[in-house]
Amino acid sequence: MKIPKRIAASLMNALKGGVVPRIGLPYIAVGRKAEIDALLHDVAIIADGGATFRFIVGKYGSGKSFLLQTIRNYVMDKNFVVADADLSPERRLQGTKGQGLATYKELIRNLATKTRPEGGALTLILDRWISSVQSDTAAERGLSPSDPAFEQAVEKRIYAVVSALEEMVHGFDFARLLTLYYRASRQGEEETKARVVKWFRGEYATKTEAKAELGVNIIITDDDWYDYIKLFSAFLQKAGYNGLLIFIDELVNIYKIPNAITRQYNYEKILTMYNDTLQGKASHLGLILCGTPQCVEDTRRGLYSYEALRSRLAEGKFARSGDTRDMLAPIIRLAPLTSEEMLVLVEKLTQIHGQLFDYTPAVGQADFITFLQIEYGRIGADTQITPREIIRDWIELLDILYQNPNRSVTELLSSEDFAFAQSAAEEENDAGAFAEFTI
């Protein structure tokens, strides 16, 4: 496994810092097959013109963001547009002081495609659309750009796209602005193009300002921003993409809202989005929201405190029995990675660390097993330990070994810091709890 140093450095730095790297995920991906298969099934539905809605539920550090990033990278390669946003006290789904609009702005700012994976792809998407319309017109009609009939034929194709959007909520003004962007592009009016992009980004504060600069008497607000997400998904399909996938993380920030009425308004917005996708009111759109078990299941403050959502999302009798998991349900609950999967992961991390610093790590399979025995032997580890903690500990161990070649893995693992955990691990090992690590 040969990895470019740039990617290896990004992986090590991000993982040690407790965050998910944007690049290089295939090098460290392990497990999550059932979850990925379920989400890829959703991707196929979106590409076919449908809409999907999923909750990804797991503890902090359990791999929610990693799973999202894996899917994000995959769908961009499949000609999808993606957008992601983390909720916060300033960014919600509904608000009275611009919090909902702030989430929309973040999503549009983070629009990404295969050729612009880092985000900021709105202008690129609009320009690519115009260019593709012109190319298709020239190819089908056999016209050159200098031909007088060329512009008329292009305008006809543009009109066919925008007229299909006019039937949707706020579609008339959305279509009008797309036409305005095309005409400004054709005439080289960069200032007008910038104003249209500013409107699409939700940056006009008043209708008066939008009317004066663009001639439209509407702006995107806290109340209707989701309608424009649906318009974007419909437009993107007509612009040559397979669909739009939206990732919204940190749902716990709605759970933390102190005012019960404000929380309910946000849950009502989730219900609207959920109903739209499942009832066929949206097309070529996928929505994935991530949160902790508490922010979903708490009947006092969580999603389940809103009865309309609880009745739709709560598991049925069969899924609650034993180890049965329904991967087609609205909520995907992340199961812990198995010890075998973690063993594969620490082996991969060791190889990447060695390539990054040009050395051969002096650790072997017995060291991997001892380390994992200690990690899993901590009190409460069976329910509390997460991949993030194990990964961070292992990378820290590798860093120390690299910087102190005179020290050994055995010495570090038997040090005072690990003493209590190790004794617990040995007790469990005597009882046969670590039989899965037997080679």
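1. Where does Gly 58 have its place? Gly 58 sits in the loop that runs between strand S1 (51-57) and helix H3 (64-77). One thing to keep in mind while reading on: this is a predicted model.

2. Staying with that glycine, is Gly 58 buried or exposed? Gly 58 comes out as buried, because its relative accessible area is 4% and the cut-off for buried is under 20%. Setting aside neighbours within four places in sequence, Gly 58 touches Lys 64, Gly 291, Thr 292 and Pro 293. Have a look at the Gly 291 contact in particular: Gly 58 and Gly 291 are 233 residues apart in sequence, yet their C-alpha atoms are 6.6 Å apart in space.

3. Now the overall picture. The protein has 20 helices and five strands. Of its 439 residues, 50% are buried. If you take the contacts between residues at least 6 apart in sequence, 69% of them join residues at least 24 apart. The Gly 58 and Gly 291 pair, 233 residues apart in sequence, is one to check on screen.

4. Asp 42 is an acidic side chain to check for burial, and its relative accessible area is 8%, so Asp 42 counts as buried. Neighbours within four places in sequence aside, Asp 42 is in contact with Thr 52 and Arg 54.

5. On to helix H18 (residues 387-403). H18 has 17 residues, and the stretch from its first C-alpha to its last reaches 24 Å, close to the 24 Å expected at 1.5 Å a residue. Quite a list of H18 residues is buried, including Pro 387, Ile 390, Trp 394, Leu 397, Leu 398 and Leu 401. What covers the buried residues of H18? The cover includes helix H1 (5-16), helix H15 (339-357), helix H16 (365-376) and helix H19 (409-413).

6. Take H1 from that list. At what angle do H1 and H18 pack? The angle is about 120°, and the axes are 9 Å apart. That angle makes H1 oblique to H18, and H1 passes H18 in a left-handed crossing. On the H1 side the contact is made by Met 12, Leu 15 and Lys 16, while H18 supplies Ile 391, Arg 392, Ile 395, Glu 396 and Asp 399. Sorted by class, this contact has four nonpolar, no polar and four charged residues.

7. Helix H5 (residues 122-141) and helix H8 (residues 190-200) have axes that come within 11 Å and cross at roughly 120°. That makes H5 oblique to H8, and their crossing is right-handed. Leu 122, Thr 123, Leu 126 and Asp 127 of H5 meet Lys 193, Val 197 and Phe 200 of H8. By class, the contact has four nonpolar, one polar and two charged residues.

Terms used. Residues numbered from 1 in each chain as written. Predicted model: local features only at pLDDT ≥ 70, side-chain atom pairs only at ≥ 80, totals over all residues. Heavy atoms only, no water. Axes fitted to C-alpha atoms, helices over the stretch in contact; angles between N-to-C directions. Helix = DSSP H or I, 4+ residues; strand = E, 2+ residues; numbered from the N terminus. Parallel < 35°, antiparallel > 145°, perpendicular 65-115°, else oblique. Left-handed = near helix turned anticlockwise from the far one by under 90°. Contact = heavy atoms within 4.5 Å. Nonpolar A, V, L, I, M, F, W, Y, C, P; charged D, E, K, R; others polar. Expected span 1.5 Å × (residues − 1). Buried < 20%, exposed > 50% of the residue type's maximum accessible area, 1.4 Å probe, protein only.
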